[in-house]
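Here is a short walk through one protein model, written for someone who likes to know the cut-offs behind each number. Take a look at the structure first, and then we can go through it together.

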Amino acid sequence: MKHRARGETRVVPSRPALTGLLHAHLESFGNGPGGRLFGGVRGGELSESTYCRTWRRARAVALNPVDVASPLARRPYDLCHAAVSTWLNAGVPPTQVAARRRIAAALGEG
């Protein structure tokens, strides 16, 4: 995790539905090396090319053809940027936006 010593952990809140999915995944597949939730085909880290290929496929399923051709959510980071902008424009205090970002980053969402 960013800005933490190797092996350091912290508790991060999660919605019950996501928590249930994660527990089910762990029951079915267990942890990978280093405690990873998802791993590469050879047991190491999930490669960036695999992650990006999966992201492109998910966009094609979730979006209509016009949006797939647009820059909308072209990268996972784009969703994070859009969320932060939306929250700030809606009047959410910057300190609360920063706290939400820390939670999202800890969950690997941005």
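What share of the contacts with a separation of 6 or more in the protein chain comes from residues 24 or more positions apart? The share is 22%, where a contact means heavy atoms within 4.5 Å.

Before going further, a word on the ground rules. This is a predicted model, in which local features need pLDDT of at least 70 and side-chain atom pairs count only at pLDDT 80 or more, while totals for chains, interfaces and linings use all residues. Residues are numbered from 1 along each chain as its sequence is written, and side-chain values use heavy atoms, with hydrogens and water left out.

**Overall picture**

The protein chain holds 5 helices and 0 strands, giving the pattern α-α-α-α-α when read along the sequence. Both element types are DSSP runs numbered from the N terminus: helices are H or I with at least four residues, and strands are E with at least two. The C-alpha trace spans about 40 × 35 × 25 Å along its principal axes.

Of the 110 residues in the protein chain, 10% are buried. Here buried means under 20% relative accessible area, exposed means over 50%, and partly exposed lies in between, with a 1.4 Å probe and protein chains only. The protein chain exposes about 8800 Å², and carbon and sulfur atoms supply 60% of that area. Accessible areas come from the Shrake-Rupley method with a 1.4 Å probe, and for residues only the protein chains shown count as cover.

As for charge, there are 16 positive and 7 negative side chains, and the centres of the two sets lie 3 Å apart. Lys and Arg count as positive and Asp and Glu as negative, leaving out His and the chain ends; each charge is placed at NZ of Lys, CZ of Arg, CG of Asp or CD of Glu.

**The loop around A73**

A73 sits in the loop between helix 3 (65–69) and helix 4 (76–89). A73 has a positive phi of about 50 degrees although it is not a glycine. Not counting residues up to four places away in sequence, A73 touches W55, R59, D78 and L79.

Leaving aside neighbours within four places in sequence, D78 is in contact with P71 and A73. The side chain of D78 also reaches the backbone nitrogen of R74 at 3.2 Å.

**Further along the chain**

V92 lies in the loop between helix 4 and helix 5. Its contacts, again setting aside neighbours within four places in sequence, are W87, V97 and R100. R102 is in helix 5 (residues 94–106). R102 and V12 are 90 residues apart in sequence, yet their C-alpha atoms are 9.3 Å apart in space.

**Cysteines**

How many disulfides are there in the model? The count is 0, a disulfide being a pair of cysteine sulfur atoms within 2.5 Å. The sulfur of C52 is 16 Å from the closest cysteine sulfur, in C80, and so is too far away for a bond. C80 is likewise in no disulfide, its nearest cysteine sulfur being that of C52.

**Accessibility at a glance**

The table gathers the relative accessible areas of the residues discussed above.

| Residue | Relative accessible area | Class |
|---|---|---|
| C52 | 29% | partly exposed |
| A73 | 12% | buried |
| D78 | 17% | buried |
| C80 | 9% | buried |
| V92 | 15% | buried |
| R102 | 46% | partly exposed |

How values were computed: A polar contact is a pair of N or O atoms within 3.5 Å; within protein, one must be able to donate a hydrogen and the other to accept it, and residues adjacent in sequence count only if both atoms are side-chain atoms.
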